[in-house]
Amino acid sequence: KKKSDIATAQAAFCAFEDGDLLGATHTLEALSLRLYSSDVRAALVAAYYKAGDFTKAESLWLDLCQLQGAQCGKYSNEKWLLEYRQWTPGVVRG
């Protein structure tokens, strides 16, 4: 199941990269309900922000920072996101 969830998250990142913001957002929303993952939630924040839904983005960001071990401060480090977390450039810039 974990590999399937990772693949689904990567597919959402690819959709985001390809400009399918709505598809990426739906997939990330579904994953965020199933997984205790700061990465999924942070990517969803980026999707909400890119879509202009700043209220949802801010609310989710505050929730994300409450997760144990979330290290929400690291999500502002582009190098860490690109090299360590291996996010796609579009999501990082989101």
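A polar contact is a pair of N or O atoms within 3.5 Å; within protein, one must be able to donate a hydrogen and the other to accept it, and residues adjacent in sequence count only if both atoms are side-chain atoms. At the start of α3, a side-chain oxygen of S37 comes to within 3.4 Å of the backbone nitrogen of D39.

The model is predicted, with local features needing pLDDT of at least 70 and side-chain atom pairs pLDDT 80 or more, while totals for chains, interfaces and linings use all residues. Residues are numbered from 1 along each chain as its sequence is written, and side-chain values use heavy atoms, without hydrogens and water.

Helices are DSSP runs of H or I, at least four residues long, numbered from the N terminus. Helix α3 (residues 38–50) has 13 residues and should span 18 Å at 1.5 Å a residue, which agrees with the 18 Å between its end C-alpha atoms. Eleven of the 13 residues of α3 are buried (under 20% relative accessible area, 1.4 Å probe, protein chains only). These buried residues pack against α1 (2–17), α2 (21–34), α4 (54–64) and α6 (89–93), where contact means heavy atoms within 4.5 Å. Just after α3, G52 has a positive phi of about 85°.

Two pockets are compared below. On a 1 Å grid over the protein atoms alone, a pocket is an open set of points where a 1.4 Å probe fits, with protein on both sides within 12 Å along at least five of seven lines; lining residues have an atom within 4 Å of a point.

| Pocket | Volume | Lining |
|---|---|---|
| Largest pocket | about 450 Å³ | 21 residues |
| Second largest pocket | about 300 Å³ | 15 residues |

S37 and D39 are among the residues nearest the centre of the largest pocket. α3 gives the largest share of the lining of the second largest pocket, four residues.

Terms used: Helices (H or I, at least four residues) and strands (E, at least two) are DSSP runs, numbered from the N terminus. The expected span of a helix is 1.5 Å times one less than its number of residues. Buried means under 20% relative accessible area, exposed over 50%, partly exposed in between (1.4 Å probe, protein chains only). Grid points are joined across faces, edges and corners, and a volume is the space filled by probe spheres set on the points.
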